[in-house]
Structure formats: structure tokens, C-alpha cells
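Below is a short note for a colleague who is new to this structure. Please read the points with the model open beside them.

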Amino acid sequence: MQVIFKGCYSVRPMEPTWCGRIPLSEWDQIGIITHVPTIYFYRPSQNWLSQESTIVTTLKDSLSRVLVPFYPLAGRLQWIGNGRLELECNELGVRFIEAESLSSLDDLGDFSPSSEYRYLVPSVDYSVPIHEVPLVLIQLTRFKCGGISIGTTISHAVADGPSAMHFITEWARLARGEALQTVPFLDRKVLRAGEPPLVPPCHDHDHDHDHSEFNLPPLLLGQSENTEERKEKTTVAIIKLSKTQVEILKKTANESWHRPSNDRGFTRYETVTGHVWRSACKARGHKQDQPTALGVCVDSRCRMQPPLPKGYFGNATLDVVATSLAGDLVSKPLGYASSRIREAIEKVNDEYVRSRIDFLKNQEDLTRFQDLHAILGSDKGPFYGNPNLGVISWLTLPIYGLDFGWGKEVYMGPGTHESDGDSLLLPGPDGDGSLLVAICLQVVHMDAFTKHFYEDIMGV
């Protein structure tokens, strides 16, 4: 795809905002601290397209307005030593890029993820010092057919999925001429950001919680590092599950595993993710005694006592890890895989979250808990590729229906993700109970994965 860049601007808050440094919480500083991309495609009506500047003006003006309540996003990160970061609120603004493509939206077919998307989502240059990198980059691309795409990429060190979607939906609301619906709650001190640990290292709650999720995930048997696995060529697929197929999987998981009589049934996430995990083990041809880990992202907002304030802006999702032997996942019923995932998720309660905050506060250096691959181009940080997997749920995020005034998107999806084992669960766009699994695997395993994924639903 040929894309011509027409302009690049800094969009700053429309009114003066508070300036100064604010501490980040422990959750902001671990895991993915790089940017996370999404993309939206639209077919605006002719009256929008006839005034070429209207779309740009609408987006930039509303962006400038929404950066007033969401002013931390107009700032920059600063390293403060030992793998720790602070956020400098300095009104430097976000980057807005205008581009044109000689293609039409029809050339993209069903919008399945492709390497072409990298031309439509802003790329982030991590070779410059982090305090020069904008926290939000947005690219508006016009297609020759009159369609447009809006590619966004937002720093995960400042906002997790719920917070990023909060920002984007409020931006669209202001663009439509409506008022802000939920004011962001910006005080990260509710997660004790910048405060010393409550418990000294020697008395840490490690006897209560083993914090095993901070251990590096298992390697392939016979290997002492994952360098070779990181180098393998990957591909992305979007696999569709109808409502009926989701219900078949849920019924199978719930009927195939003994649970206490008062226990609620397995959720869509626990069921479908269990199926993804088993299918990946089969596709990768794991030996029976191969250990495998599944990274699960849990939102702690409502799991804390008291729950975090409405509109809490920052990272409140944390990763927990389900583990198993590949042989057990494959030979036992689907309910076994779902039960391992349920067990990992149910650990996340108020005491667990606070214990983990203290555990991280007591670490001399946070680097080993960060995914620095994009920043350093190195093999540092946890790797959830073969024999492992990470499945993030967007099932409850308001990802669809983003209307800036010219109607809802014709397609929304994740931007580029190219790491083996990265996967997302999304609701089907039609609200009919269907689900989408966006998964990145090594090229050599993808066909087998798709085959096992569908055959096992038929055979359950």
C-alpha cells in the first residue's frame, strides 16, 4: 500500500493544564510499557467529504479539547533510574499525522489484519530518548474512494485498555458536539503511586502469595533460552466463532469438569481461552511433559476494597499466569483448561493486589518485569511465545460504535501485533453473540492451529 504523508502536527490542550511531575503506580511501570495500536475505518457521507478540511478540523479541535481533562496524555515519560518511570505533565501535546493512500477501502477486503496496517497506524521511534516520545500518536489516512482510517497508538505505561478506550470514546463524544460523560480520575495515589512499601522486603507477604507470575515463563524442553523462538516468522489470523459455537464450547467445558454445585459456570473468556490454549499446544506439537504458561490480564478496578473510583485513569489491569503441562491440556477435557484459567483469575482480590504492589515496591530494579523488546530490540523481558500464550480480553470494552460525527466505523480492530503467542478476544461487530480471536503465531503453526480449533468444536 502506498501512503503519502501530508502533514504532522502537535495537538496541545486547548486550555492551560496543571504542569509538574506525577509518580506512576507499579502497574504502570511493568509489562508492556510501549504503545498499543488500534485502527478504525469509516465511510463518511458526501457532505463530510465535500469540505476536505472539515474532518481534520473536527478531529484536531476535539482532540485539543479532550486533552484538557485528560492532560497527562499530553505529557512525557521520564526514566528516574532502576527501571522506574515518572510522568511529566508539560502540555507538549500528542502527535497528529495526516496521510493519503492511493488505495480504496475495498482493496482491504474483509479488513483481516495484514502487514499493510503498519502504514495506517503511526510508528513510534523508540531510538529517541523516552522523554521525547509522545504518549499518543494519531494518523488520519484518506483513501481515494472517500473512506478514511484513524489509527491510534497509546502508551501502555500511562493507560491500560479500559483507560485508553475511555479517552477515545470521550474524544469522539466531544467531536460530535456532546459533553464529557465521565471525568477521568487522575490521582494514582489510590494505588499508592510514589509511596514507599508498607512491608519491608524481609517481611514481604511471600508466604501468602508466591508471586510466581513474576517468574519467567517456561521454555521449550531442551532449550536454555528463547532467542530462536523469538526470531521465527509470525503471522496473524482473525478466527470467527459464531454464537452457537461459543455456546457449544461453554456447554462442553461446564459439563466436562466437576465443579462445586454452587459454582457459577465457566465464562466465555475462560472457555474460549481454554480452547485456544489447547489448540495451540496441539498445533505446536508439544510433548506431554512440556510446561506451558498462559498470561491472563485481569482488571482489578472492581476487585479491590473499596473499588477504584469511577473513571480511574491509568493501569489497573494486572497479569496473572495459568500453568499446565501440555499433555494434561490436550488429554483432559476442555473444562480442565478452563479451570486452570479460573484458578489464576480468582487469585486477584484486594489483598492479592496490595501484596503485589508491595512486592514490586521492594524490588531494587523493575527492568526484568518490563517488556522492553520494542525499546531495546533485545531479548529482555518475559516472552509469551512458544510454548506459552497470552490471551487478552476486549470482550467488555466499548470498542465499537466510535462515531466522530460522520457515523460509526465500518471496521475496528487491533493494529499490528507481531509477537508469537499474542492474542485478543473481541466481541463480534454485529452484537450477535459471535466472537473473534485475533491471534499471532509462528507461520509454521498457524494452519494446524486453525484446523484443530474448528475440528475440536465439531468433535466435542
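1. The model is predicted. Glutamate 91 is not a glycine, yet its phi is positive, at about 60°.

2. Strand E7 (residues 94-101) runs antiparallel to E1, and 8 bridges join the two. Within this pairing, serine 10 is placed opposite arginine 95 of E7.

3. E1 and E7 belong to an open sheet of 6 strands, ordered E1-E7-E8-E9-E4-E15, with mixed pairing. Strand E1 (3-11) and strand E15 (411-414) are the edge strands, and each of them pairs on one side only. On average, neighbouring strands in this sheet are turned by 15° against each other, when direction is ignored.

4. Sorted by class, the lining of the second largest pocket holds 8 nonpolar, 7 polar and 5 charged residues.

5. How do H5 and H6 pack against each other? Helix H5 (residues 243-255) meets helix H6 (residues 268-283) at an angle of about 90°, and their axes are 9 Å apart. Angles of 65 to 115 degrees count as roughly perpendicular, and H5 and H6 are therefore roughly perpendicular to each other. On the H5 side the contact is made by Val246, Leu249, Lys250 and Ala253; on the H6 side, by Arg268, Thr271, Val272 and His275. The residues of this contact between H5 and H6 comprise 4 nonpolar, 2 polar and 2 charged.

6. The bond from glutamine 305 to proline 306 is cis, with omega near -10°. Proline 306 is part of the loop between strand E11 (291-299) and strand E12 (317-325). The bond from asparagine 386 to proline 387 is also cis, with omega near 15°. Proline 387 lies in the loop that runs between helix H10 (373-376) and strand E14 (389-393).

Notes. Residues are numbered from 1 along each chain as its sequence is written. This is a predicted model: local features need pLDDT of at least 70, side-chain atom pairs count only at pLDDT 80 or more; totals for chains, interfaces and linings use all residues. Side-chain values use heavy atoms; hydrogens and water are left out. Axes are lines fitted to C-alpha atoms, for helices over the stretch in contact, and angles run from 0 to 180 degrees between N-to-C directions. Helices (H or I, at least four residues) and strands (E, at least two) are DSSP runs, numbered from the N terminus. Angles under 35 degrees count as roughly parallel, over 145 as roughly antiparallel, 65 to 115 as roughly perpendicular and the rest as oblique. Contact means heavy atoms within 4.5 Å. Ala, Val, Leu, Ile, Met, Phe, Trp, Tyr, Cys and Pro count as nonpolar, Asp, Glu, Lys and Arg as charged, and the others, Gly among them, as polar. Two strands pair if DSSP finds at least two bridges between them.
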